[in-house]
Amino acid sequence: MSGTHTPLHAVHVAAGATFTDFAGYDMPVRYSSDLEEHHSVRTAAGIFDLSHMAEIDVSGPQAAQFLDYALSNRLSAMEMLQAKYSLLLSPSGGVVDDLIVYRFGAEHFLIVANASNREVAFSELLARSADFDVEVRDDSDAWALIAVQGPISREVMMASSITPDSPLEDLRYYRFITGEFQGQPIAIARTGYTGEDGYEVFVPAAHASEVWADLEAVGMPLGLVRCGLACRDTLRLEAGMPLYGHELGLDHSPAQAGLARAVDHTKDDFVGAGMTPVGPTSSRVLVGLVGEGKRAPRAGYAVLSSEGEPIGEVTSGALSPTLGYPVAMAYIDSDHATPRHSLLVDVRGSHLSVSVQELPFYSRKKVA
Amino acid sequence: MSAVPENLSYTAEHEWLLIDGDVATVGITQFAADALGDIVYVALPSVGDSIKPGAVVGEVESTKSVGEIFAPTAGEVLEANQVVVDAPDTVNADPYGNGWLIKIRFSELPELLDATAYQALIQE
């Protein structure tokens, strides 16, 4: 198996990572133990290579108006150096991709899209830009993205040679700042996908390994641990964060996925406005499920009513490393979607008792 | 790369067998354990169960995925290792030792891979 390599591939090989194919990229699935990596992010900090993710650069006099039309929320209202979670909707109201939009300037935005959706997100954005004075460019190969996530992530960042243009202490959640590393321009965002406080650092691809090495050198003595995609998945699941292809897709609306807040219906016109995908699962909503014991509901397993009637399907599930019991997300018929409602999951032929629980399963103590 | 013990026989489903007379001790290989990641749940057949070759007789579950345990031979389950049920991570830590899964009394053995052939399989 040999997929595309991120600029940090040689670093992962040297660190003894186990690799997996993810969206055509050879990505570290773990370095040592999924569970240890998971716990390190909850209790100290983890460092992740996210360079497989797509970066799409949008600039021009009508960049903000274009994004208001092309995406689900009102990006023109963003402040400079703000980050915003957004959705790329299909004309029928399904989700083509979920994204984070970073506003670098009045007429300049950077969109981070899922690696698996790089082509479709870029081509959709390009197609939707036809009537706007804007340039849409796939800049994915120019950027490496390194995440440092966990309660001591700020300490790690401040010990590093990364020099932010303004104090890191003042950087709020879903904001970012520019800076430099040994003369190279970088950006530091207080965003993440783990349910912990943390940062995502945009680095020119050619300098990724120097930034990674610096963060490791200062971070590891503090408790920083290299983390692969396996723990990233259990971390985001505990935090109730959706994953494209599991909780998000063309056949479910943002409202069904619990993401109505990411759609601004007060806008004049945008792709997907007022539409809801029609299909056999259009009455289903995304819920959390919790079980007992050690067996976990997994993606694709049927959810049944207590009478054994099929009412939905699991989208993600695992034995929660932090909580010690099985947790899952599932689309189920809305009349069963009340908290503490008892249901069953068909786990390879046997029925596991679960109950509906509000998401997230885990939330950290909020910090400033 | 994990070492493949010379004294064991292997299946293409990444199980190992230690043959002693008409009893086979069965486990999963280091390669399989590494691929699964941290194992958090093991289900084994009951002692006395009669098993058919290729049938799913148990499962090994990690935080990331589920692996099935296939019966490598026909026979009767003589022992199931309670150690791995109580402490599933034993399978990761010592897959060829304390992390064994079941012992089977068999009547005849299917064709198995030797260490060299199994090593070649996992290097593909």
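This briefing describes strands and a chain contact in a predicted model. Local features require pLDDT of at least 70 and side-chain atom pairs count only at pLDDT 80 or more, while totals for chains, interfaces and linings use all residues. Residues are numbered from 1 along each chain as its sequence is written, and chains are lettered from A and ligands numbered from 1 in the order in which they are written.

**Sheet of chain B**
- Chain B holds an open sheet of 6 strands in the order β1-β2-β3-β9-β8-β5, with antiparallel pairing; strands are DSSP runs (E, at least two residues) numbered from the N terminus, and two strands pair if DSSP finds at least two bridges between them.
- Its edge strands, β1 (9-10) and β5 (50-51) of chain B, each pair on one side only.
- Strands β8 (residues 75-80) and β9 (residues 102-106) of chain B run antiparallel and are joined by 5 bridges.
- B:Gly75 has B:Phe106 in β9(B) as its bridge partner.

**Hairpin of chain A**
- Strand β5 (residues 83-89) of chain A is largely enclosed by the rest of the structure, because 6 of its 7 residues are buried (20 or more other C-beta atoms within 10 Å of a residue's own, with C-beta atoms placed from the backbone).
- β5(A) pairs with strand β6 (residues 95-105) of chain A in the antiparallel sense over 7 bridges, and A:Leu88 has A:Asp97 in β6(A) as its bridge partner.
- The two strands, β5(A) and β6(A), form a hairpin with 5 residues between them, and A:Gly93 in the turn has a positive phi of about 90°.

**Contact between the chains**
- In chain B, 9 residues are in contact with 14 residues of chain A (C-beta atoms, placed from the backbone, within 7 Å).

Conventions. Helices (H or I, at least four residues) and strands (E, at least two) are DSSP runs, numbered from the N terminus. Two residues are in contact if their C-beta atoms, placed from the backbone, lie within 7 Å. A residue is buried if 20 or more other C-beta atoms lie within 10 Å of its own, exposed if 12 or fewer, and partly exposed in between; C-beta atoms are placed from the backbone.
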